[in-house]
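Trainee: Please take a close look at the packing and the pocket in this model. I would like one connected account.

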Amino acid sequence: MVLNWIWISFFLIAFLMAAGRSLWGGDLQVWSDIMNASFDQAAFAFEISLGLTGVLTLWLGIMKIGERAGVVEFFGRLISPFFSRLFPGIPKGHPAMGAIFMNISANMLGLDNAATPMGLKAMQEMQSLNDKKDTATDAMIMFLVLNSSGLCLIPISIMMYRAQGGASNPTDIFIPILIATAIATIVGLTALCIKQRIRMDRVIWSWLGAIAILVGGITYFFANLPAEKVQLYSTFGANLILFSVIIAFILAGIRRKLRVYDVFIEGAKEGFKTAVMIIPYLVAILVAIGMFRASGALDIFTGWVESLVAWLGFDTQWVGALPTMLMKPLSGSGSCAMMLDVMKTNGADAFVSKLAAAVRGSTDTTFYILAVYFGSVGVSKTRYAAGYALLADITGAIAAIAVAYLFF
């Protein structure tokens with residue numbers, strides 16, 4: 001229901017903004033801009049889905065091998081004490097647990113291309129337990145909020161963009177992003193546990209403590225590396241782990257005497273079907289976002305916020321990163337474009353550029369995740385998923401601002 005009204009609001013606000021600009025500003029070009037944006041975004045949605053087709057085909061094929069070889073089940077048992085509390089509606093040993101673990105692990109390593117297929121697999125497994133196929137279960141919502149909060153230990157792509165932008169030290173946002181995304185995840189997870197009446201017992205607190213220790217350990221390790229080595233080692237570590245998972249799945253399949261190639265093809269066919277299924281959902285959300293942006297509503301809101309902050313007597317440097325903050329829940333490519341625009345305008349080493357990078361990495365793309373993941377299993381009633389995912393987004397943005405002022 002929340003996503004339904006948010007989607008409608010994008011169109012209504014875009015129309016009212018365009019009408020206002022035409023009536024009071026004489027701007028008739030805005031209507032063309034909005035409609036062109038709708039066509040461009042519809043094409044872009046198809047391009048994303050087309051690009052995902054190959055990735056989904058590959059990774060759902062690999063996941064099928066892991067599932068048949070018992071590796072996914074093994075991972076499910078490994079994290080069962082923690083996840084059985086966060087996902088009480090999923091039976092112990094169910095394949096959904098292993099797929100959830102694989103997805104979250106890939107997200108933590110900054111491997112978006114691998115995380116999405118694993119996440120879609122997790123949604124399919126959870127949907128098999130769903131009595132109301134059009135309505136999100138508590139487990140699905142918990143999974144979506146964990147994805148939206150986007151705990152990322154190694155923000156490879158953002159460091160790469162900063163290097164391309166000419167930053168003197170592209171890795172200087174590594175620790176701020178790590179802190180901001182950890183705060184967003186813990187707040188989102190805790191709030192949802194309260195909403196779903198999940199008791200925060202010793203096991204949950206122990207796992208949260210372990211995550212905090214892991215984040216602290218990674219922070220300490222990379223903080224003591226030479227700046228030029230941070231990106232090298234983080235990229236190496238993430239990809240080594242990912243390739244090792246592929247090899248482990250294949251070897252486990254051989255051990256189980258599976259016809260590994262045939263099993264891969266079986267899973268790959270599922271990946272192709274999934275990629276086709278998500279096209280309407282992507283078109284719906286990306287077109288709405290594109291029209292909202294083209295109407296000028298985003299720019300006007302940013303101007304209002306800057307004026308308000310200045311009137312209150314606070315520092316306004318962070319407002320330059322506000323478009324990145326607002327675009328982040330809506331579009332990954334849009335927020336990336338906003339971040340790159342800030343870097344181009346102000347220089348990669350400017351405070352606002354570093355803040356934009358920290359915000360970009362603090363959480364994931366909420367509405368893209370909602371559209372793709374729920375769309376892949378035909379869930380239209382998302383209940384309170386959007387609200388709690390946005391809570392994690394807002395927390396991540398605030399944490400990114402605070403940490404950026406602290407570090408830079």
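Mentor: The largest nonpolar core has 119 residues, and Phe 83, Phe 87 and Met 126 have the most contacts inside it. A nonpolar core here is a set of buried Ala, Val, Leu, Ile, Met, Phe, Trp, Tyr and Cys residues joined through side-chain atoms within 4.5 Å; buried means under 20% relative accessible area, exposed over 50%, and partly exposed in between, with a 1.4 Å probe and protein chains only. A second, separate core of six residues includes Ala 14, Ala 18, Ile 34 and Val 287.

This is a predicted model, in which local features need pLDDT of at least 70, side-chain atom pairs count only at pLDDT 80 or more, and totals for chains, interfaces and linings use all residues. Residues are numbered from 1 along each chain as its sequence is written, and side-chain values use heavy atoms, with hydrogens and water left out.

Setting aside residues up to four places away in sequence, Phe 83 touches Met 97, Ile 100, Phe 101 and Ile 104, where contact means heavy atoms within 4.5 Å. Helix α5 covers residues 95-108; helices (H or I, at least four residues) are DSSP runs, numbered from the N terminus. The 14 residues of α5 reach 20 Å from first C-alpha to last, close to the 20 Å expected at 1.5 Å a residue, the expected span being 1.5 Å times one less than the number of residues. Twelve of these 14 residues are buried, so α5 is largely enclosed by the rest of the structure. Among them are Met 97, Ile 100, Phe 101 and Ile 104, along with Asn 103 and Asn 107.

Now the pocket. The second largest pocket holds about 620 Å³ of space. On a 1 Å grid over the protein atoms alone, a pocket is an open set of points with protein on both sides within 12 Å along at least five of seven lines, and lining residues have an atom within 4 Å of a point. Its lining has 27 residues, with Phe 301, Met 325, Leu 326, Pro 329 and Leu 330 nearest the centre. Elements giving two or more residues to this lining include α1 (2-25), α14 (297-311) and α17 (351-362), while α19 gives the most, with six. The lining divides into 22 nonpolar, three polar and two charged residues.

In α17 sits Ser 353, which is buried at a relative accessible area of 0%. Beyond its neighbours within four places in sequence, Ser 353 contacts Arg 162, Val 342, Met 343, Asn 346, Gly 347 and Ala 348. Leu 308, in α14, is partly exposed at 48%.

Conventions
1 Å grid on protein atoms, 1.4 Å probe; cavity = no way out; pocket = protein on both sides within 12 Å on 5 of 7 lines; lining within 4 Å. Points joined across faces, edges and corners; volume = space filled by probe spheres on them. Nonpolar A, V, L, I, M, F, W, Y, C, P; charged D, E, K, R; others polar.
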